[in-house]
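Welcome! Here are some exercises to work through with the sequence and the 3D view side by side, each followed by a solution in steps.

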Amino acid sequence: MKSMLNKFGLAVASIALMATGAQAEDVKSPFEGEGMRIAHVRYLSQGDFPELYLSGVRAQAEALGLELDVYDARQDASIQRNQLEQAIMKGYDGIILQHGFTDSLKDLADMAVQNGIKVVAFDVNADNAEIPQINQDDHLIARMSLEQAVKDNGNAWKAAYVYVPGIPPLDRRDEVFEEFKKKYSGIEEVARFGTLNNPIPNQVADQAAAVFRANPDITVAFSPYDEFAKGIKIAVDEAGLTDSVKIYSADISNSDIQAMREPGSAWVATTATNPAIMGQVSVRALAYLLNDKDPGKQVTVPPVLITQEMLNALDINNMNDLVDKVSSFSESDVLAAEWMPLP
């Protein structure tokens, strides 16, 4: 399955970047023949988003001639910390941190920088001014999904909310949900729950089933991570609540599209960036540092609202269709410099 996802992600990445105009054969990488090595140390690996993100990392690293090693912590902060320490000891030229917790990474990230290793961080706050932060616009992601929820359901409803604190993108999305509840006093958070234990959808589904039994008046589920939304959908389907509960989420994948397009699906909207592009942008930011250039302290890629109605109207069945038919999702020139070959 992982190899299939990687191949799929590489295809998505290649299609998406063709529109930017730069091709690998047109530009010679400044790192070609230099034997430069980078490490990708990732906390979050379960789900299509991190798999497609990894495919983008692989594609851009290959285009730049950078040797890539991947360290997979599988949602274990202590393992990610040990892996980052290993990467520092092995003397990589650059490191990409993907998700994780500031408290478990900060001191080692500082050590890496002090040892001359270039570091970038995706969706984790390394709390170091020398480490660029690569982000989706998580505030906008949450705002667009919640605005769609208000458009669909009015400004008074009872909500189930899936959230795990301590993960920067989820924390930023939570900030927007708190703002929305203040703006719309009729929005009532009835239940808050969530877990990152594997398998995430099944664990969340078990929690959600109990929540729906105790709170039959819930009409909206806000699940600002698609693995959470999958769990909510399982619980909604099993409880026969597809006509009474609507799901609003973040992120997108092949399986998400299929779930949203099922007849009568409760999953009606999500907001997302292309995960393969996010992976590529992370490598581009690292390439800037390795080439003694400044990518900026915050590098942000804007998201796109994707509704069930849009998927049906455009007959979008998978990520390839989404890339082909929604240009705002497939194209990004963020950090696409003239000197940099793209996949």
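**Exercise 1.** Find the bridge partner of Leu 97 in β4.

*Solution.* Leu 97 has Ala 121 as its bridge partner in β4. Now step back to the two strands: β3 (residues 94-98) and β4 (residues 118-122) run parallel and are joined by five bridges. Strands here are DSSP runs (E, at least two residues), helices are runs of H or I with at least four residues, and both are numbered from the N terminus. Two strands pair if DSSP finds at least two bridges between them.

A note before going on: this is a predicted model, where local features need pLDDT of at least 70 and side-chain atom pairs count only at pLDDT 80 or more, while totals for chains, interfaces and linings use all residues. Residues are numbered from 1 along each chain as its sequence is written, and side-chain values use heavy atoms, with hydrogens and water left out.

**Exercise 2.** Explain why Phe 49 and Phe 122 count as a stacked pair.

*Solution.* Start with the whole structure, where a search finds eleven aromatic pairs. Rings of Phe, Tyr and Trp (its six-membered ring) pair if their centres lie within 6.5 Å; planes under 30 degrees apart count as stacked, over 60 as edge-to-face and the rest as tilted. The ring centres of Phe 49 and Phe 122 are 6.3 Å apart and their planes are at 10°, so the pair is stacked. Next, locate the partners: Phe 49 is in helix α2 (residues 48-64) and Phe 122 in strand β4, so the pair ties together parts 73 residues apart in sequence. Finally, check burial (under 20% relative accessible area is buried, over 50% exposed, in between partly exposed, with a 1.4 Å probe and protein chains only). Phe 49 is buried at 4%, and Phe 122 is buried at 0%.

**Exercise 3.** List the members of the aromatic cluster that includes Tyr 161.

*Solution.* Tyr 161 forms one aromatic cluster with Tyr 163, Phe 177 and Phe 222.
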